[in-house]
Amino acid sequence: MDRTDTGRNVLFVVLDTVRKDHLSVYGHDRPTTPTLEAFADEAAVYDQAVAPAPWTLPVHASLFTGLYPSEHGASQENPYLEDATTLAQSLSDTHRSACYSSNAWITPYTHLTDGFDDQDNFFEVMPGEFLSGPLASVWKTMNDNDHLRRVADWLVSVGNTIHEYTASGEGADSKTPAVIDEAKGFIADAEADDEHWFQFVNLMDAHLPYHPPEAYADEFAPGVDSTAVCQNSKEYNCGARDIDDDEFDDLRGLYDAEIRHMDAQLDRLFSWMRDEGVWEDTMVVVCADHGELFGEHDLYGHEFCIYDPLVNVPCMVKHPDLDAGRYDDQFELMDLYHTVLDHAGTAPGDGGDPTALTSAADAVDFDPARSLLRDEHRAFDEPASPESDRDRGDYAFVEYYRPVVELKQLEGKAADAGIELDEESRFYSRMRAARRTDAKYVRNERIPDEFYRLDDDPGEEVDLAGDARAHATDADEAALEATEAALAAFEDRHGGEWKTVDDEDVLSEMSDDAKDRLQDLGYLE
């Protein structure tokens, strides 16, 4: 294809760990996102986007492949994307591409950056230069060796914890300005060479720990010492540390300040693109990969559950074929994979075919029923279950595999406090959910299943699959049965039965030195 046509450029921004109700563009009562509020004047704003998992690695793997987590297999039980063709690889013949992020999971050694012409993870422990070029190949070789792979596993698993040690509140530096600078440089170079481009960025400020720049901390969390509040969710979740309402308010203030900083940096990027004349011809996607909990369901962070504050994420898309405004139709975040292919393969006035971009044997074929740009979006013409009168497109599905690394840290924090965790609890449970806009059924591995009427109970406080079932109405029962049947049909198509996985299956081949380091950091006893 001719790479000099206009209309095919893509800017894809993920705001890591950002929950929808903390964005002023989604109604938050604090002015966290003035840039996105202005962006909403020319973008589609979606209220019912659903992430396929509640944490970074599987969500990004789904965004980049169009596969559910159970299909691409990237989880903490196996923290690599393997035997799949990424979106960047599919676009390699038509677009120059780059991936810039400060998230430790989005790196060559997890394969998430496969296919990008340039990448930098801006990570303090292992700078992007170390993981680019020939050394990236070394990492991939390590991944193919069962013994060496455990070393790479270790580096991934400790990365964010090391970040917590290095990113103290005193002099801590956000990597977001550098990410934005790099993104601008990449776009400028591609434009100078008359090439289409695909720019992916992940902004990490809203991920624990929260140490926002002083100006935004003063606005949103005045007087709060970010080094004095609980910045380790595992201490709270295991019961070793209590957090009262005032402290959670302080944490939410710091969180809002981090979001405001990201929004300001997006303004810097968007304004520059307008000044450079590349804004109009660029499809712009802004979404979160997952959210965060602040005490809801007695949980802090984004582990051990798949409640809506984690998986019902913000998503906004600017495209000439999409009318600006609010949309309340539910869709799955991995539909963005098909939407990008649609835009990249069929520029305005061009007869290109997006299916040509997925000709690789391992690539997920373009599906017009998954493109936000098509009238047939979410019309799969297939029932949600054999007896259902609803289309499969009415449902979104979420999967959560056993969080081995977080679980090890949780166990360490509990042991330090003399607490014994119940292995028949949500901490050890894998989970799946089927969600529609009014109802959600959660299948749990080690604890009872859950069901919520989201239309009447958006906070998921009344579990109608539990004791409250005695008070369920006929409509509740019908919704429960239909949603559970849709989940069972999904499991037949994709998930199947969970296999027994022991922690030692994941950690057995890790070197003794690596295990010692994990123990020092609190991941292992």
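The briefing below moves from the chain as a whole to its cores, its cysteines and a few individual residues.

The model is predicted, and its protein chain has 16 helices and 15 strands. Of the 525 residues in the protein chain, 62% are buried, while the chain exposes about 19,800 Å², of which carbon and sulfur atoms supply 42%. Among the contacts in the protein chain with a separation of 6 or more, 71% are accounted for by residues 24 or more positions apart.

**Nonpolar cores**

- The largest nonpolar core has 123 residues, and the members that touch the most other members are Phe12, Tyr300 and Leu336.
- Helix H10, which covers residues 245-276, gives the most to this core, with eleven residues.
- A second, separate core holds 17 residues, including Tyr395, Phe451, Ala479 and Leu480.
- Leaving aside residues up to four places away in sequence, Leu336 touches Phe12, Leu63, Val285, Cys287, Cys315, Val317 and Leu372.
- As a general point, nonpolar side chains in soluble globular proteins tend to be buried together.

**Cysteines**

- The structure holds zero disulfides, and for Cys287, which is in none, the nearest cysteine sulfur is that of Cys315, 5.2 Å away.

- His60 lies in helix H2, residues 56-65, and counts as buried because its relative accessible area of 0% falls under the 20% limit.
- Not counting residues up to four places away in sequence, the residues that His60 touches are Val14, Asp16, Ile106, Leu112, Phe200, Asn202 and Asp289.
- Lys440 belongs to strand S14, residues 439-444, and is also buried, with a relative accessibility of 0%.

**Backbone features in loops**

- Leu208 and Pro209 are joined by a cis peptide bond, with omega at about 0°, and Pro209 lies in the loop between strand S5 (197-203) and helix H8 (214-220).
- Asp298 has a phi near 60°, which is a positive value in a residue other than glycine, and this residue is found in the loop between strand S7 (293-294) and strand S8 (300-301).
- Asp298 is classed as exposed because its relative accessible area of 59% is over the 50% limit.
- Asp381 has a phi near 55°, again a positive value in a residue other than glycine, and its place is in the loop between helix H12 (335-345) and strand S12 (396-400).
- Is Asp381 buried or exposed? Asp381 is exposed, with a relative accessible area of 73%.

Definitions and conventions. Residues are numbered from 1 along each chain as its sequence is written. This is a predicted model: local features need pLDDT of at least 70, side-chain atom pairs count only at pLDDT 80 or more; totals for chains, interfaces and linings use all residues. Side-chain values use heavy atoms; hydrogens and water are left out. Helices (H or I, at least four residues) and strands (E, at least two) are DSSP runs, numbered from the N terminus. Buried means under 20% relative accessible area, exposed over 50%, partly exposed in between (1.4 Å probe, protein chains only). Contact means heavy atoms within 4.5 Å. Accessible areas come from the Shrake-Rupley method with a 1.4 Å probe; for residues, only the protein chains shown count as cover. A disulfide is a pair of cysteine sulfur atoms within 2.5 Å. A nonpolar core is a set of buried Ala, Val, Leu, Ile, Met, Phe, Trp, Tyr and Cys residues joined through side-chain atoms within 4.5 Å.
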